[in-house]
Amino acid sequence: MIQILALAACGLTACAPAPYFDLRARVTPAFIASVTTPMVLIELPQKPYAATIVPVAANGPVTTWATPDAITLSMINGVVTATRGMGTDLMHSDIDGTVAALAGGPRAYDRRFSYQNAENQTVLRAQRCTMSGPADQALTLYGTTYVAQMWTETCTGNDQQMPNIYWTAGGRVVQSQQFISAAVGPIITETIRN
């Protein structure tokens with residue numbers, strides 16, 4: 001049985017995107033019941049692109065997740081630290097401050113990151129970030145209701161277009177909107193199965 005859904009059969013830069021449709025509508029109770037591995041739905045509203053990702057590798061606290069068309073996200077506890085296959089990729093982001101703030105640590109921290117620009121060059125950036133929250137919120141994702149906490153991360157400095165928003169439950173991110181780069185925009189993540 002197919003356990004992975006994707007919107008396009010090629011990478012974001014390899015071919016023209018397929019027509020957009022609501023992938024969420026295809027994540028039915030029957031589909032979720034067939035899934036035997038952790039799975040997250042991702043969406044790139046600026047592309048538009050949506051797919052499911054599953055874990056394919058782990059290195060210490062970093063888990064790498066992949067789509068069927070080889071786009072990958074490396075994350076620590078649901079916070080994106082790197083991407084591949086998106087064209088203008090987030091090559092690396094120092095997310096220790098974000099992860100610590102979501103666990104109740106300091107609310108102000110520096111964040112350094114690098115991304116690949118359109119000329120295939122690595123660009124280094126630094127930001128000053130603050131975390132606000134949490135605000136309690138009921139959150140329902142694909143038939144599972146969470147008593148979630150919403151956090152808002154605001155970073156100032158180069159290339160930040162919008163705040164990052166995280167919804168946590170049980171100490172992990174179950175939904176988020178995280179900025180990747182000016183070209184890619186934000187990525188939305190939603191937990192289908194833990």
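**A close look at I180**

Analyst: Start with the neighbours. In this predicted model, I180 touches V80, T83, M86, T88, L90, G185, P186 and I187, leaving aside residues up to four places away in sequence. I180 itself sits in strand 11, which covers residues 172-181. Is I180 buried or exposed? I180 counts as buried because its relative accessibility is 3%, and the cut-off for buried is under 20%.

Now look at D89. D89 and I180 are 91 residues apart in sequence. In space, their C-alpha atoms are 7.4 Å apart.

Next, the strands. Strand 1 (residues 39-44) and strand 2 (residues 49-59) run antiparallel, joined by 5 bridges. Within this pair, I42 has A51 of strand 2 as its bridge partner. The two strands form a hairpin, with 4 residues between strand 1 and strand 2.

Strand 2 also pairs with strand 3 (residues 62-66). This pairing is antiparallel too, over 5 bridges. Here A57 stands opposite T64 of strand 3. Strand 2 and strand 3 form a hairpin with 2 residues between them. G60 lies in that turn and has a positive phi of about 65 degrees.

Last, confidence. The protein chain has a mean pLDDT of 87, and 88% of its residues reach 70 or more. Residues 1-19 are another matter: pLDDT stays under 50 there. For that stretch, the model has 47 contacts beyond four places in sequence.

Definitions and conventions. Residues numbered from 1 in each chain as written. Predicted model: local features only at pLDDT ≥ 70, side-chain atom pairs only at ≥ 80, totals over all residues. Heavy atoms only, no water. Buried < 20%, exposed > 50% of the residue type's maximum accessible area, 1.4 Å probe, protein only. Contact = heavy atoms within 4.5 Å. pLDDT = per-residue confidence, 0-100. Pairing = 2+ DSSP bridges.
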